[in-house]
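Hi,

Here is the structure I promised to pass on to you. Please have a look at it first, and then read on for what turned up when I went through it.

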Amino acid sequence: MELWYTEKHTDSVKFSIQVDRQLYSGQSEFQRIDVFDSKEFGRFLTLDGYMMLTEKDEFIYHEMMVHVPMAVHPAVKRVLIIGGGDGGAIRELVRYPTVEHIDLVEIDELVVEVCKKHLPQTACCFNDPRVHLHFEDGLRYIRHCEDEYDLIIVDSTDPFGPGEGLFTKEFYGNCYKALKADGIMVNQHESAFYADDAIAMQRAHKRIVQSFLISKVYQAHIPTYPSGHWLFGFASKKYHPTADLNGVKWNALGLKTRYYNTRLHAGCFALPNYVEEMLRDAE
Amino acid sequence: MMKLNQSRIPILEALNEFKKMRVVPFDVPGHKRGKGNKELTDFLGERCMSVDVNSMKPLDNLCHPISVIKEAEELAADAFGARYAFFMVNGTTSAVQSMVLAACKEGDKIILPRNVHRSVINALILCGAIPVYVNPEINHQLGISLGMTLSGVAQAIRSNPDAKAVLINNPTYYGICSNIKAITELAHQHGMLVLADEAHGTHLYFGEDLPLSGMAAGVNMASVSMHKSGGSLTQSSFLLVGEGVNPGHVRQIINLTQTTSGSYLLLSSLDISRKNLAVNGKAIFTKVNQMAQYARDEINQIGDYYAYSRELINGDTIYDFDVTKLSVNTLDLGLAGIEVYNILRDEYDIQVEFGDIGNILAYISVGDCQRNLERLVSALAEIRRRYKKQDKSGMLQFEYINPEVVVAPREAFYADKEALELKRATGRICSEFVMCYPPGIPILAPGERITEEILESIAYVKEKGCSVTGPEDMDIEYLNVLKGV
């Protein structure tokens with residue numbers, strides 16, 4: 001018997017992983033949630049059939065979402081995570097003793113429950129006393145925040161489905177308002193390779209540029225996401241992502257990482273020409 | 001109470017039956033189930049094209065229904081508590097016009113509020129009836145016109161005892177209702193027919209805790225935009241007939257202008273939507289009410305916006321309020337409603353129904369979800385943060401301009417005319433419409449005197465970016481006026 005998970009990366013491109021067994025399948029108010037075991041990628045989580053994370057490559061995504069802004073901002077105390085119900089971003093953040101308060105706003109409580117049960121690799125740190133969970137729409141939550149956070153991490157799904165509101169101008173504008181005068185926002189920024197993802201990427205970039213003075217894009221290699229070439233957004237009111245990188249200070253923290261390092265930090269903002277061109281077009 | 005089995009959908013059933021027969025088409029439409037127009041079929045889908053068919057024996061005929069359309073009309077009448085229901089495929093505009101044409105002939109008077117839709121005055125051009133306007137009072141804080149007062153209608157009836165009919169908006173675009181029951185009783189005591197324009201009132205027939213519907217109030221005819229809150233396809237609508245009107249006569253009037261090739265896409269959408277509302281309407285509109293109320297509460301928390309509701313009810317000009325309408329006043333922000341409307345669309349990809357001088361209207365329906373409401377509320381909050389003006393001077397106070405009807409609309413429309421620059425038109429009689437669209441309520445209608453105040457109002461709405469329509473001159477630099485008057 002062969003059991004395969006398949007995600008269509010485009011109408012005519014499929015990506016498949018052989019599944020050992022399905023551990024969970026359920027439907028929340030917002031989406032279908034599935035967890036599988038596989039030989040090659042270990043356990044993996046999908047939402048509405050779209051790959052969210054695998055045990056084998058999630059470290060790349062979560063390290064790049066968290067350590068890049070943390071190595072730039074000199075004193076992050078209050079953090080807001082929008083989405084991120086798998087707990088991966090929290091796991092990386094709680095490693096910093098200077099972080100005092102983390103609010104995680106996840107629309108779908110069931111995602112957190114399922115991850116706690118089946119994905120302990122990422123959902124390991126929800127019990128940290130600094131972590132505060134809020135199960136509500138991110139757009140609604142942030143509307144009421146002003147001048148509150150040093151860092152906002154937008155760990156969203158794709159802009160088709162429950163995550164759509166997190167790719168809008170009103171959302172980025174509200175993030176701007178919720179950040180302190182030297183705050184940073186990083187976001188999951190889709191990919192430039194396949195046409196549909198590229199349109200979402202350009203739209204997101206255009207809207208962030210309209211809201212933030214400094215708006216840069218960086219990249220990482222994530223094998224299980226469409227094309228494997230994934231982008232992140234770095235938007236800020238004050239700090240430049242590479243000019244204000246304090247590599248010495250970050251290295252002194254002695255955090256052990258598997259993907260991120262400060263040399264890669266400087267390099268990941270150097271983008272391929274075709275991506276730069278798309279970003280310029282969007283601006 | 002509905003007496004028939006409302007889960008039936010006769011037109012849908014007939015179309016499904018018809019598809020199974022695999023009839024060879026040697027009739028119109030010439031695309032022959034889409035095979036003759038590949039591009040269109042790729043765009044709309046084969047299933048859609050396969051039921052774009054012509055009237056024929058198994059599918060009945062809209063002009064003279066004797067089988068499935070007749071059955072569907074009886075079900076609709078039953079669902080709406082009407083004596084008779086007509087399926088309309090030329091928009092609610094055609095329903096309103098048929099209603100007026102059935103009630104009035106040339107020279108007959110009809111009593112109506114000024115804030116009627118242009119289709120009403122168009123009907124007067126067609127039939128030659130004379131409008132008697134009742135001043136719908138203004139709420140100055142909000143800058144909107146309201147409903148007719150009972151005393152205002154009584155006064156109009158006393159001054160015009162020969163009027164043939166009274167027309168009522170139930171509700172207005174903004175959700176304001178007049179005392180339709182008392183006005184209907186009063187008009188009936190004086191032998192006049194009552195016509196309800198319910199373009200924005202389909203849900204009143206099915207939801208709970210909503211204003212009284214026209215048929216329940218005893219009106220003689222009502223035009224119901226099924227495609228607005230009812231969920232059917234754009235351009236499909238119902239004309240409902242109650243007591244005191246001969247449905248056969250109404251059918252003849254409808255057939256004067258309605259197409260003889262009624263679209264089965266539109267007809268089936270009416271039939272399916274009627275079934276849905278009859279069976280699920282109560283639950284649907286409970287949900288719509290909750291969503292509208294949630295958004296209203298959230299918007300009122302932002303500050304400077306006022307999303308109004310039942311607190312406006314005053315027993316007369318605002319006899320009742322339709323809480324499914326999410327009307328939001330923007331004047332305290334220092335922005336005109338039309339400005340907020342434009343920012344929402346241009347910068348936030350959010351399209352609301354309309355913006356006028358002081359308000360926007362967001363249409364909430366069965367198709368909405370919580371997430372999209374969050375987007376609307378958040379965008380409004382952002383617009384306040386980014387655009388709020390401390391200086392509120394230069395905002396025009398909306399005033400009711402009492403129209404001076406000098407010549408009957410039809411006479412003015414067909415009279416000899418000349419085009420004059422706006423500023424030179426003061427004092428002359430207009431031969432065309434000027435209105436903001438939407439909401440499509442006339443600033444000027446054919447036969448009315450052009451005043452300084454009216455020209456000022458036109459200049460203001462143009463400057464604020466409203467889409468001004470009506471005149472022959474698309475740029476609204478010139479107006480057609482009657483020659484020699």
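Let me begin in chain A, with A:Ser156. Leaving aside neighbours within four places in sequence, A:Ser156 is in contact with A:Ile82, A:Gly83, A:Gly163, A:Leu166 and A:Gln188. Please keep in mind that this is a predicted model. A:Ser156 sits in the loop between β9 and α5 of chain A. It counts as buried because 24 other C-beta atoms lie within 10 Å, and 20 or more are enough for that.

The UniProt record, an unreviewed entry, has a "binding site" annotation that covers A:His62, A:Asp86, A:Asp155, A:Ser156, A:Thr157 and A:Asp158. Which residue does UniProt list for "active site"? In the unreviewed entry that is A:Asp155, a residue of strand β9 (residues 149–155) of chain A. A:Asp155 is buried too, with 26 other C-beta atoms within 10 Å. Not counting residues up to four places away in sequence, A:Asp155 touches A:Met65, A:Ile81, A:Ile82, A:Gly83, A:Gly84, A:Ala89 and A:Gln188.

Next, the place where the chains meet. The contact takes 14 residues from chain A and 11 residues from chain B. On the chain A side, α4 (138–143) and α5 (169–178) are the elements that give two or more residues. Of these, α5(A) supplies the largest share, six residues. By class, the chain A side that touches chain B has three nonpolar, four polar and seven charged residues.

Now to chain B by itself. Its secondary structure comes to 15 helices and 20 strands, and its C-alpha atoms fill a box of roughly 70 × 55 × 45 Å along the principal axes. How does the radius of gyration of chain B agree with that of a compact globule? With 485 residues, such a globule would have a value near 23 Å, and chain B has 23 Å, which agrees. Buried residues make up 51% of the 485 residues in chain B. Among the contacts in chain B with a separation of 6 or more, 70% join residues 24 or more positions apart.

The domain assignment of chain B gives domain 1 (282–387) and domain 2 (409–482). Taken over C-alpha atoms, the centres of these two domains are 30 Å apart. Eight residues of domain 1 of chain B are in contact with seven residues of domain 2 of chain B. Helix α12 (residues 337–348) of chain B provides the largest share of the domain 1 side, three residues. That side has four nonpolar, one polar and three charged residues by class.

Finally, the nonpolar cores. The largest has 148 residues, of which B:Phe80, B:Val100, B:Ala165, B:Leu195, B:Phe238 and B:Leu240 touch the most other members. Helix α11 (residues 264–302) of chain B gives the most to this core, with 14 residues. Domain 1 and domain 2 of chain B each contribute at least three residues to this core. Leaving aside neighbours within four places in sequence, B:Leu240 is in contact with B:Phe80, B:Ala82, B:Ala85, B:Met215, B:Met221, B:Ala222 and B:Val224. Apart from this core lies another, of 77 residues, with A:Leu47, A:Ile81, A:Ile153 and A:Ile208 among them.

Best wishes

Conventions
Residues are numbered from 1 along each chain as its sequence is written. Chains are lettered from A and ligands numbered from 1 in the order in which they are written. This is a predicted model: local features need pLDDT of at least 70, side-chain atom pairs count only at pLDDT 80 or more; totals for chains, interfaces and linings use all residues. Domain bounds come from an automatic or database domain assignment. Two residues are in contact if their C-beta atoms, placed from the backbone, lie within 7 Å. Helices (H or I, at least four residues) and strands (E, at least two) are DSSP runs, numbered from the N terminus. Ala, Val, Leu, Ile, Met, Phe, Trp, Tyr, Cys and Pro count as nonpolar, Asp, Glu, Lys and Arg as charged, and the others, Gly among them, as polar. UniProt positions are given in the numbering used here, feature names are shortened, and annotations may be inferred rather than shown by experiment. A residue is buried if 20 or more other C-beta atoms lie within 10 Å of its own, exposed if 12 or fewer, and partly exposed in between; C-beta atoms are placed from the backbone. A nonpolar core is a set of buried Ala, Val, Leu, Ile, Met, Phe, Trp, Tyr and Cys residues joined through C-beta atoms within 7 Å. The radius of gyration is taken over C-alpha atoms; the globule rule is 2.2 Å times the number of residues to the power 0.38.
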